[in-house]
Structure formats: structure tokens, C-alpha cells
Amino acid sequence: MFPTAFILGAFPAFMVFAIGKSFPQLRRWAYLGLMVGVLLCTLAPISLPISNNLENNLYKAPVIQRIQTPYQRIVLTRQGQDVRLFLNGDLQFSTIDEYRYHEALVHPAMSATPNRKRVLVLGAGDGMAVREVLKWREVEKVVLIELDPAVVKLATRHPQLVQVNNKALTDPRVEVINADAFTTAPGLKETFDVIIADFPDPDQEILAKLYSDGFYRRLMGRLADSGVLVTQASSPFFAPKVLSCITETIAHTGLKVHPYVVDVPSFGPVGFVMASRAAIESDKLELPVSTRFLTPNILHHLFELPKDVLLGNTKVNRLSDPVIVRYQLDSRWVSY
């Protein structure tokens with residue numbers, strides 16, 4: 001981060017020098033620009049270890065990989081068997097308990113539809129959700145749309161991640177598209193039996209669009225008649241209005257909504273919203289795949305929300321009015 005900033009800062013300084021040389025009255029500014037440019041270029045190499053040391057202090061475990069992309073800062077940490085992925089400082093998963101999250105994200109939707117041949121996964125470039133999808137033998141094709149190619153590259157090459165995601169992204173049934181899901185997914189020509197949205201929490205307007213009424217309406221064209229859509233929906237405890245907002249927003253499209261909550265130790269309670277054109281009977285859901293956390297009994301009682309999870313009193317999240325950002329930021333998150 002720091003070296004790039006120094007080099008970018010040196011460029012205008014050298015421009016001042018070049019322009020100042022052409023005008024005698026600006027000669028003083030020219031030499032000042034030259035001095036600043038040389039100073040910034042000199043400081044650039046030594047700024048890297050300083051930057052890394054400062055970043056190391058942000059994480060409890062040692063940093064084993066750091067990547068700056070045009071989209072985000074990617075950091076991997078490791079403490080024993082616990083490998084954690086952070087995007088822009090926000091925890092995405094811990095290998096100790098990620099299976100709880102990804103089983104809860106994938107299998108209820110997969111079990112709620114009679115057809116599971118074609119699956120669309122949005123986000124989830126780490127390959128964990130795709131790993132769970134591929135457990136279903138009926139799956140013939142998975143299309144993964146991930147914005148940042150660096151995340152996919154890391155998930156297919158880093159030894160610890162490849163081991164955990166079981167090489168899911170290199171499975172011949174998987175097609176990876178590096179693009180913005182907001183514009184790309186609705187424009188696909190095929191329809192899908194299951195659509196899985198695994199986006200970061202909507203704490204910025206650029207992310208809020210992925211939870212908007214407009215996006216869900218456009219995405220419905222890609223959902224098969226008997227298909228099921230599922231999205232992660234933040235924490236119903238720390239950000240209680242987000243789950244309600246997503247539920248209200250998807251319901252506004254005419255789909256039947258089925259919110260549910262699962263505990264993931266690294267995050268606490270995590271909310272999800274499943275939706276379909278017909279109501280889903282949870283007591284008929286089956287789980288014919290191997291899991292570490294989910295059981296048929298959990299599936300059958302999945303939509304029984306805890307008493308302190310309250311729905312309602314939230315607005316529909318729209319592209320023109322991204323209220324979900326306020327709901328996400330007006331939360332009870334605490335630091336430990």
C-alpha cells in the first residue's frame with residue numbers, strides 16, 4: 001500500500017519539475033518538485049516493511065499472505081490450524097468453523113428444490129460454498145461469478161485453502177466468471193435451479209445494490225420455476241435490522257421468503273434468507289450428503305427463529321434508497 005502511494009505521489013512532483021524548467025519564473029518550484037519527487041522515490045522501498053509491520057498489528061495471528069488488488073486488500077492469517085481470510089480488514093471465514101457457515105448457506109436451498117442440475121454462485125470466490133454444492137451428485141454445472149480474480153487465484157493455489165475447499169474451483173463442472181455479479185448475473189442466458197448469493201455485509205452503498213429490490217427482480221429471470229434463491233443476511237444479533245430488511249426486500253418481489261439463523265463461533269448468529277415461488281415445507285427437507293454440522297433435525301426446525309430475532313419495521317432496500325447500509329452500520333457490533 002505505502003510504496004504505491006509514495007510512487008504515485010512522486011509523479012506529480014516530477015511534473016512540477018518538468019513544467020517549472022520551461023518557465024524561469026517557476027524555477028524555484030521546479031527544484032522543489034524535483035526534491036520532493038526524489039525524496040518520495042527514496043522512501044518508497046523502506047515504506048514496505050513499515051507498512052507490513054503496521055498491518056501485522058491489526059491481526060491477532062501472524063499474516064502469511066497479503067495482496068492488494070484494484071478491488072480490496074486481501075490478507076490471510078494463520079495460527080496453528082486456523083487460517084483466516086480478511087477482505088479490507090473484515091473476517092470472511094476461519095477454517096476452524098467455516099463448514100458451519102457454508103453448510104447452512106448451501107444445503108437448505110439445495111434440499112428445497114427437486115432439481116439441482118444447474119447452480120449459480122455469486123461471490124464465494126474462496127471455493128467453500130462450491131465445495132458444498134458439488135457434494136450433490138445431481139449437479140451438472142456450477143457457474144461462479146466472483147468480482148476479484150485474485151481471490152479465485154488464491155483459492156486455487158494456496159495450499160491451505162486448496163486443502164479446505166477440496167479443489168472445488170478446478171472441478172470440470174465449475175465455470176468461473178470474473179465479473180460484477182450485479183450486472184453479469186441477470187444477463188446470463190440460462191436459468192438455474194439454485195442461486196446462492198454470498199456477498200459481504202452491506203456496509204457500503206456499492207454493496208447495498210447486491211441486496212436491492214431491483215437486483216432481486218432482475219435475478220428472478222435466471223431462477224427456474226421450481227428454483228430456490230438463498231443469500232447470507234449478516235448477523236441478526238449485532239445488526240438486527242439487516243435480516244429483516246433483506247427478508248422484506250425479497251418478499252417485495254413476490255417470492256415466498258424463509259429467513260433462518262445459524263450460529264457460527266467466529267461470527268456469532270448468522271442470518272440467511274431463502275426464497276422460492278412456492279412455500280417450502282421444512283419438515284420435508286432431506287440431507288443426502290455428508291456434513292459436519294447440519295442434520296435432518298436441524299433442517300426440519302431451521303425456520304424457527306430465536307425469540308430475540310424480530311422481523312418487520314424495516315423498509316425495502318432500493319437502488320434509489322439504500323437503507324440497508326444504515327441498518328448495517330446502526331448495529332451492536334462490539335470489539336473484543
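1. The expected span of a helix is 1.5 Å times one less than its number of residues. Helix α10 (residues 240-251) has twelve residues and should therefore span 16 Å; its end C-alpha atoms lie 18 Å apart, which agrees. Helices (H or I, at least four residues) and strands (E, at least two) are DSSP runs, numbered from the N terminus.

2. This is a predicted model, in which local features need pLDDT of at least 70 and side-chain atom pairs pLDDT 80 or more, while totals for chains, interfaces and linings use all residues. Residues are numbered from 1 along each chain as its sequence is written, and side-chain values use heavy atoms, with hydrogens and water left out.

3. The chain has twelve helices and eleven strands. Of its 336 residues, 51% are buried (under 20% relative accessible area, 1.4 Å probe, protein chains only). Among contacts (heavy atoms within 4.5 Å) between residues at least 6 apart in sequence, 66% join residues at least 24 apart.

4. In α10, the buried residues are Val242, Leu243, Ser244, Cys245, Ile246, Thr247, Thr249 and Ile250. They pack against α9 (213-219), β9 (223-232), β10 (256-264), β11 (268-276) and α12 (323-329).

5. A nonpolar core is a set of buried Ala, Val, Leu, Ile, Met, Phe, Trp, Tyr and Cys residues joined through side-chain atoms within 4.5 Å. The largest has 43 residues, and Val119, Val121, Val130, Val133, Val142, Ile196 and Met274 touch the most other members. Helix α3 (residues 98-111) gives the most to this core, seven residues. Apart from this core lies another, of 40 residues, including Phe182, Ile195, Tyr211 and Ile246.

Note on methods
Buried < 20%, exposed > 50% of the residue type's maximum accessible area, 1.4 Å probe, protein only.
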